[in-house]
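Me: I am new to this structure. Please show me how to read a few of its features, one at a time.

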Amino acid sequence: MRGDNLDPFLIIILILVCIIVGLILYNLNIYKKIKYFSNINDRLSNLNVLQDFLDTIGKDSSVDNKLEIINNILIDRFSIKYSTIVVFNGAEYDIRATNVDEKHWDTMKNLHTEEMFKDSITTATPKYVTVNGPEERLNYQKSEMGRAKSAMFFPLYIDNIYIGYWIIESSSPHAFDNMDTSVLGVVKDNIVAVLKTVSYQNTIENIYRVDKNTGLNSAEYLYGKGKRIIDKYPESCICMFKIINIEEINEKFGRNIGTDIIVNVSNLIKRNIASQYIFVRYMGPKFAIAFSGVDMSGVEEFIKNIKEELEDIKVSIKSNNKTTTKKKQKDIFASPITNFVIANYYKGTGLESVTKKLEEYLDDCDKKESNINCI
């Protein structure tokens with residue numbers, strides 16, 4: 001009878017155990033789903049980061065500013081305390097972007113000399129370093145640098161050539177223990193892609209020279225720093241003109257007179273155009289003016305007037321005829337004859353395509369053509 005009385009309790013206990021086991025399994029299933037959707041969310045977030053990278057590359061901004069923007073994106077999106085991008089420029093290591101205090105820069109740009117990172121550079125693999133307690137410091141830090149307790153070091157390579165490194169740091173020990181290194185690897189690859197892309201921009205921005213006779217920038221300026229000014233506007237007008245009789249002036253009166261003509265032409269235009277317009281000596285007797293924010297119809301009258309003024313320039317040439325007395329000596333003048341061609345440029349299209357079309361027109365048209373042409 002006693003055993004029979006326990007049977008209902010055992011049944012109740014078994015039922016409760018089953019319920020508890022069921023709840024555990026259910027919670028585990030919910031946890032897996034949460035983790036799965038969390039991973040999807042992380043991946044979407046990482047894709048957004050990469051999209052921000054691409055958007056930054058396409059910005060009308062300087063190379064240094066683009067790298068700073070990208071570094072700030074990394075800091076913000078991955079909740080990183082410190083992030084530093086260091087690049088070897090061929091002569092020395094240069095910090096291209098960082099949020100570390102400037103007093104630590106000497107240490108940050110010499111991490112390639114630290115034993116703890118040399119293997120990482122040699123093998124092209126990331127290096128994770130950390131401490132176990134808040135009182136410890138990382139080996140590469142100097143006595144005054146107790147700010148970072150963990151770091152991940154990523155060597156950077158372009159076409160199998162080592163170019164520098166990216167390092168992220170945290171003020172907490174073991175901060176990157178659970179960081180998804182595969183995602184950071186993708187980010188690192190995109191940093192390399194950005195550096196490779198902006199290196200071309202950096203070359204264009206710094207390759208231009210200043211013409212010693214006119215003080216004008218060369219054509220390269222138009223495609224680098226000048227383009228950033230032009231692209232502040234959706235539409236601009238590009239004008240190119242040529243002094244078509246410069247060779248004749250050089251042959252007849254000498255190159256010094258030809259140079260005087262070119263200097264007078266450039267000075268007249270510099271006095272008459274607004275500061276937001278870009279004026280360059282394109283090549284030889286060819287010049288280019290970018291009328292930022294103005295369409296073709298808005299500059300035609302100005303160009304008509306400036307052409308007339310240019311061709312009114314007179315450079316005096318004294319007669320060298322020794323048989324002529326001083327009283328009979330008379331002035332001979334050299335004046336430029338110009339040929340103009342203009343076209344519209346739209347932001348987002350190829351500026352070099354427009355200038356090439358203008359230059360080809362000036363080179364291929366009749367050598368005596370002196371006009372204002374819209375193409």
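Reply: Start with one residue. This is a predicted model, and in it Ser-236 touches Ile-230, Phe-291, Ser-292, Gly-293, Val-294, Ala-343, Asn-344 and Tyr-345, leaving aside residues up to four places away in sequence.

Me: In which strand is Ser-236 placed?

Reply: Ser-236 belongs to strand β7, which covers residues 235-243.

Me: Is Ser-236 buried or exposed?

Reply: The general idea is a cut-off: a residue is buried when its relative accessible area is under 20%. Ser-236 counts as buried because its relative accessibility is 0%.

Me: What does the side chain of Ser-236 reach?

Reply: The side chain of Ser-236 reaches the backbone nitrogen of Gly-293, at 3.0 Å. Gly-293 is also among the residues that Ser-236 touches.

Me: Now a helix. How should I read one?

Reply: An α-helix has 3.6 residues a turn, so residues three or four places apart point the same way. Here, take helix α4, residues 115-123, where Met-116, Phe-117, Ser-120 and Ile-121 are buried. Viewed down the axis of α4, the buried residues fall within an arc of 120 degrees, so they line one face of the helix.

Me: Which exposed residues are on the face of α4 turned away from its buried side?

Reply: That face of α4 carries Glu-115, Asp-119 and Thr-122.

Me: What covers the buried residues of α4?

Reply: The cover includes β3 (127-130), β4 (150-158) and β5 (161-170). Just after α4, Ala-124 has a positive phi of about 60 degrees.

Me: How many salt bridges does a search of the whole structure find?

Reply: The search finds nine. One of them joins Arg-281 and Asp-211, with the closest N and O atoms 3.1 Å apart. This pair links distant parts of the chain: Arg-281 is in strand β8 (residues 278-283), and Asp-211 is in the loop between α5 (181-207) and β6 (217-218), 70 residues apart. Arg-281 and Asp-211 are both buried.

Me: Where do Glu-359 and Lys-286 lie?

Reply: First the contact: their side chains meet in a salt bridge, 3.9 Å from N to O. Glu-359 lies in helix α11 (residues 351-364) and Lys-286 in strand β9 (residues 286-291), so the pair ties together parts 73 residues apart in sequence. Both Glu-359 and Lys-286 are buried. A network of salt bridges links Lys-286, Glu-359 and Asp-363.

Me: What about Asp-231 and Lys-227?

Reply: Their side chains also form a salt bridge, 2.6 Å from N to O. Asp-231 is buried, having a relative accessible area of 3%.

Key
Residues numbered from 1 in each chain as written. Predicted model: local features only at pLDDT ≥ 70, side-chain atom pairs only at ≥ 80, totals over all residues. Heavy atoms only, no water. Helix = DSSP H or I, 4+ residues; strand = E, 2+ residues; numbered from the N terminus. Buried < 20%, exposed > 50% of the residue type's maximum accessible area, 1.4 Å probe, protein only. Polar contact = N/O pair within 3.5 Å; in protein donor to acceptor, adjacent residues only side chain to side chain. Contact = heavy atoms within 4.5 Å. Arc of directions from axis to C-beta. Salt bridge = Lys/Arg side-chain N within 4 Å of Asp/Glu carboxyl O.
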